[in-house]
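Me: I have just opened a structure that is new to me. Could we go through it together?

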Amino acid sequence: MDKQFLEAGEIVSTHGIQGEVKILPWADGPEFLLKFKTFYIGGKPVEVVSSRIHKTCVLAKLKGIDTPEEAIGLRGQAICIDRSQVKLPKGTVFIADLLGCRVLDDGGNEIGIIKDVLTMPSSDVYVIEGEHKYMVPSVKEFVKEIDVENGLVRVHLIEGMATDAN
């Protein structure tokens with residue numbers, strides 16, 4: 001079952017004297033977080049009074065947080081979003097939904113599970129662990145099918161993707 005709340009960033013510091021928090025986004029970019037009127041911190045909903053982009057981060061004014069002293073108490077906390085408030089473009093999935101998916105090669109052999117997804121400038125890279133550890137770029141040439149409903153990803157492997165093979 002899909003998790004309802006997904007981690008989307010971390011409060012890394014405060015900003016100004018009004019109690020704003022600076023959020024480092026874990027999404028595709030800071031613009032993504034501007035869409036939300038409610039964040040979830042520690043499992044509790046917190047209303048977003050205002051938010052704006054500042055360099056690669058988001059500055060947000062949260063309801064009930066009015067001083068830098070109150071804001072500093074949130075540093076290190078994960079910001080979660082409600083998945084039901086997001087409509088993903090066709091063909092995209094949440095990274096959280098990929099983690100733990102079984103991975104099959106061209107021959108239908110299970111090669112492992114996705115343990116991590118590295119966000120790189122040119123494309124994401126799936127870290128697959130099984131008998132070997134694989135690093136597979138998330139591009140059409142190598143990722144042939146993603147079926148998160150069944151927890152399955154099919155990939156085309158080439159020489160060099162197994163990072164620990166002899």
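Predicted model: local features only at pLDDT ≥ 70, side-chain atom pairs only at ≥ 80, totals over all residues.

Me: Fine. Which hairpin has Gly42 in its turn?

Reply: That is the hairpin of E3 and E4, with 2 residues between the strands. Gly42 has a positive phi of about 60° there. Strand E3 covers residues 38-41 and runs antiparallel to E4, with 4 bridges joining the two. Within this pair, Phe39 stands opposite Val46 in E4.

Me: And how many bridges are there between E4 and E5?

Reply: E4 and E5 pair over 6 bridges, in the antiparallel sense. Ser51 stands opposite Ala60 in E5. This hairpin has 2 residues between its strands, and Lys55 takes a positive phi near 60° in it.

Me: What is worth noting about a positive phi in Lys55?

Reply: Lys55 is a residue other than glycine. Most residues other than glycine have a negative phi. Lys55 is found in the loop between strand E4 (44-54) and strand E5 (57-62).

Me: Is Lys55 buried or exposed?

Reply: Lys55 counts as exposed because its relative accessibility is 72%, and the cut-off for exposed is over 50%.

Me: Let us step back. How many helices and strands does the protein have?

Reply: There are 2 helices and 12 strands. Along the sequence they follow the pattern β-β-β-β-β-α-β-α-β-β-β-β-β-β. The C-alpha atoms fill a box of roughly 60 × 30 × 25 Å along the principal axes. The protein has 166 residues, and 36% of them count as buried.

Me: What share of the contacts joins residues at least 24 apart?

Reply: That share is 48%, taken among contacts between residues at least 6 apart in sequence.

Me: In what order do the strands of the open sheet lie?

Reply: The order is E10-E9-E8-E7-E12-E11, which makes 6 strands with mixed pairing. Strand E10 (133-137) and strand E11 (143-147) stand at the edges; each has a single partner strand, so one side of each is left without a neighbour in the sheet. On average, neighbouring strands of this sheet are turned by 30° against each other, direction ignored.

Me: Which residues of E10 are on its covered face?

Reply: They are Tyr134 and Val136, whereas Lys133, Met135 and Pro137 form the uncovered face. In a regular strand the side chains alternate between the two faces of the sheet.

Me: How does E9 pair with E10?

Reply: E9 and E10 pair in the antiparallel sense, over 5 bridges. A hairpin of 3 residues joins E9 to E10. Glu129 stands opposite Lys133 in E10.

Me: Which residues does Asp164 contact, aside from its neighbours within four places in sequence?

Reply: Asp164 is in contact with Glu131, His132 and Lys133. Asp164 and Lys133 are 31 residues apart in sequence, and their C-alpha atoms are 6.1 Å apart in space. Asp164 lies in the segment after strand E12 (152-155). With a relative accessibility of 41%, Asp164 counts as partly exposed.

Me: Back to the sheet. Where is Val103?

Reply: Val103 is in strand E7. At 0% relative accessibility, Val103 counts as buried. Beyond its neighbours within four places in sequence, Val103 has contacts that include Ile111, Ile113, Ile128, Val153 and Val155.

Me: How is E7 joined to E8?

Reply: Strand E7 (residues 102-104) and E8 run antiparallel and are joined by 3 bridges.

Me: New topic: how much space lies in the largest pocket?

Reply: The largest pocket holds about 950 Å³ of space. Its lining consists of 29 residues, and Trp26, Asp28, Val93, Phe94 and Ile95 lie nearest the centre.

Me: Which elements supply at least two residues of that lining?

Reply: They are strand E1 (5-15), helix H2 (95-98), strand E8 (110-119) and strand E9 (124-129). E1 gives the largest share, 4 residues.

Me: How many residues of the lining are nonpolar, polar and charged?

Reply: The lining of the largest pocket has 18 nonpolar, 4 polar and 7 charged residues.

Conventions
Residues numbered from 1 in each chain as written. Heavy atoms only, no water. 1 Å grid on protein atoms, 1.4 Å probe; cavity = no way out; pocket = protein on both sides within 12 Å on 5 of 7 lines; lining within 4 Å. Points joined across faces, edges and corners; volume = space filled by probe spheres on them. Nonpolar A, V, L, I, M, F, W, Y, C, P; charged D, E, K, R; others polar. Pairing = 2+ DSSP bridges. Axes fitted to C-alpha atoms, helices over the stretch in contact; angles between N-to-C directions. Buried < 20%, exposed > 50% of the residue type's maximum accessible area, 1.4 Å probe, protein only. Contact = heavy atoms within 4.5 Å.
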